[in-house]
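The tour goes stop by stop.

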Amino acid sequence: MATASGRDAATARPTPVGYLVNRKEGLTGAQGIGYDYVLGSGGLYVQSESAHLTARVLVAPCEVRGLAPVAEKVELAHGPIPARLFELGLCWFEDDPDTERFFAVRWDGRSYRLVVPEQEGTATRLKYRPPAGVVAEFHSHGRSRAFFSATDDRDEQGFRIYGVAGRLDSDRPELSLRVGVYGHFAPVQWSQFDGPNPGLRLVAEDPDPTNPIEGGD
């Protein structure tokens, strides 16, 4: 994750949100404790970093003349989430396509683990207490298509990878993936796992579905 340098960063008091400008000579401004907005030549970005995840995503594209470019990125600190964990969760979803369900993935210090909290689901509603300290969350839409609803947007305000599975009654279920940075979202791809599930169709909800974030600097 890029950091600000110089007098601005050294003397600023810590705040929840930081504001940075990526000039040609480097970043200026003060970083936040939670996340930062970064202005670059391609527009406004938001970035954050935790012990498990680093992400920087574009919030508002525009041309800003005179500034340096900023690159989007999504990186998992402990490596890709094993696809077998997701496959176990997907099988659990498929066991009851008429009920929305939820599971999460947590890093326990040595490996990734599935987390399934107590929950109450129907065909259109799901109630659960979000588990703390997780790297990724997934929920199902049963027989409906895989999409992030307005309710999902309101609920998924943390910093992690989110996924929604749908068409669970079909031969090839759907999955939509995104990274969330405190209410800002960007699509991600299978690079966050150790390989695609050949029986699952990845759905891109990005305005430019040919250009999801793959990771990197």
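Over which ring does the charged end of Arg145 sit? Select Phe147: the charged end of Arg145 sits over that ring, 4.4 Å from its centre. Such a contact needs NZ of Lys or CZ of Arg within 6 Å of the ring centre and within 35 degrees of the ring normal. Next, select Arg178 and Phe148; here the charged end is 3.8 Å from the ring centre.

A word on the model. It is predicted, with local features needing pLDDT of at least 70 and side-chain atom pairs pLDDT 80 or more, while totals for chains, interfaces and linings use all residues. Residues are numbered from 1 along each chain as its sequence is written, and side-chain values use heavy atoms, without hydrogens and water.

Now the rings. The structure holds 15 aromatic pairs (Phe, Tyr or six-membered Trp rings with centres within 6.5 Å; stacked under 30 degrees between planes, edge-to-face over 60, the rest tilted). Select Tyr35 and Tyr37: edge-to-face, 5.8 Å centre to centre, 80° between the planes. Move to Phe159 and Tyr182: stacked, 5.8 Å centre to centre, 25° between the planes. Phe159 lies in strand β12 and Tyr182 in the loop between β13 (174-181) and β14 (184-187), so the pair ties together parts 23 residues apart in sequence. Strands here are DSSP E runs of at least two residues, and helices H or I runs of at least four, numbered from the N terminus.

Last, select Phe86, Trp92, Phe93, Phe103, Phe138, Trp190 and Phe193. Ring pairs link these residues into a cluster.
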